[in-house]
Amino acid sequence: VYDERGFLRVTGKAARTGIYTYLAKELELTDRDPMALVKVYRPPSEVFDSKSLSTYLNSDVTNSHPPELVTAETYKATSVGHCVSASQDGDFVVVELLVKDAKAIKDIESGKAQLSPGYKTTYVAEDGVCPDTGQKYEFKQTGIEVNHIAIVERGRGGAQVRIDDNNGVIPMPIKVMLDSG
């Protein structure tokens, strides 16, 4: 929904529980090839912890991930809006975002709609099996503190972790080619 100032207010799924895949270098692991894939479990108890959910509120929205976390020094160069609310909906964190930047709004209208939180967390070494999927994992995330929510082409959380495009909120571009040209 666009407001009278031209800002875009949208809802979407910003994160989910379950297994996420990281590169070993992203976790600063030195016991294996830096490009090796590592399975990390995000349990509901951590994803929906009230302290973690509260860190979404008023966190900055960015158009793609910035090279570092958003701070007072990087805010003006990276922020395109902020998060208005966050709550649990099944296995997902649902957010309401207020996007204020014209380029970011155009990118969303053009189909750039997946979401990816940037956060600080603790990775606990723990061999286990995800109860929902049966997938094995090597690490578990705890103490998730959201810094920003990036609008991305493709996020780690998968295709369901995205801005909602139902109810006509976001016009999705469609081209129709007729026989007559």
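Strand β7 gives the largest share of the lining of the largest pocket, namely seven residues, where strands are DSSP runs of E with at least two residues, helices are runs of H or I with at least four, and both are numbered from the N terminus. Before I go on, please keep in mind that this is a predicted model, in which local features need pLDDT of at least 70 and side-chain atom pairs count only at pLDDT 80 or more, while totals for chains, interfaces and linings use all residues. Residues are numbered from 1 along each chain as its sequence is written, and side-chain values use heavy atoms, with hydrogens and water left out.

Back to the pocket, then. A pocket here is an open set of points on a 1 Å grid over the protein atoms alone, where a 1.4 Å probe fits and protein lies on both sides within 12 Å along at least five of seven lines, and a lining residue has an atom within 4 Å of a point. The largest pocket has a volume of about 410 Å³, a volume being the space filled by probe spheres set on the points, which are joined across faces, edges and corners. Its lining consists of 23 residues, and those nearest the centre of the pocket are Y22, P117, G118, Y119 and R156. At least two lining residues come from each of β1 (8-16), β2 (18-23) and β7 (114-129).

Let me turn to the aromatic rings. How many aromatic pairs does the structure hold? There are two aromatic pairs, counted where the centres of Phe, Tyr or Trp rings (for Trp, the six-membered ring) lie within 6.5 Å, with planes under 30 degrees apart called stacked, over 60 edge-to-face and the rest tilted. In one of these, the ring centres of Y22 and Y123 are 5.8 Å apart and the planes stand at 75°, so this pair is edge-to-face. Because Y22 belongs to strand β2 and Y123 to strand β7, the pair ties together parts that are 101 residues apart in sequence. Y22 is buried at a relative accessible area of 5%, whereas Y123, at 30%, is partly exposed; buried means under 20% relative accessible area, exposed over 50%, and partly exposed in between, with a 1.4 Å probe and protein chains only.

What of Y41 and Y137? Their ring centres are 4.9 Å apart with the planes at 25°, so this pair is stacked. Y41 sits in strand β3 (residues 37-42) and Y137 in strand β8 (residues 136-152), so the pair links parts that are 96 residues apart in sequence. Both Y41 and Y137 are buried.

Charges also sit over rings, by which I mean that NZ of Lys or CZ of Arg is within 6 Å of the ring centre and within 35 degrees of the ring normal. The charged end of R156 lies over the ring of Y22, at 3.8 Å from its centre, and R156 and Y22 are both among the residues nearest the centre of the largest pocket. K13 is placed over the face of F92, 5.3 Å from the ring centre.

Not counting residues up to four places away in sequence, R16 touches R42, V47, D91, F92, R156, G157 and V161, where contact means heavy atoms within 4.5 Å. S87, in strand β5 (residues 79-89), likewise touches F92, together with V93 and V94, under that exclusion of residues up to four places away; S87 is partly exposed at 37%. D107, in helix α4 (residues 102-109), is buried at 18% and, leaving aside neighbours within four places in sequence, is in contact with N63 and K112.

Finally, two backbone details. E28, in the loop between β2 and β3, has a positive phi of about 55° although it is not a glycine, and E28 is exposed at a relative accessible area of 69%. S64, in the loop between β4 (60-63) and α3 (75-78), has a phi near 80°, again positive in a residue other than glycine, and S64 is partly exposed at 30%.
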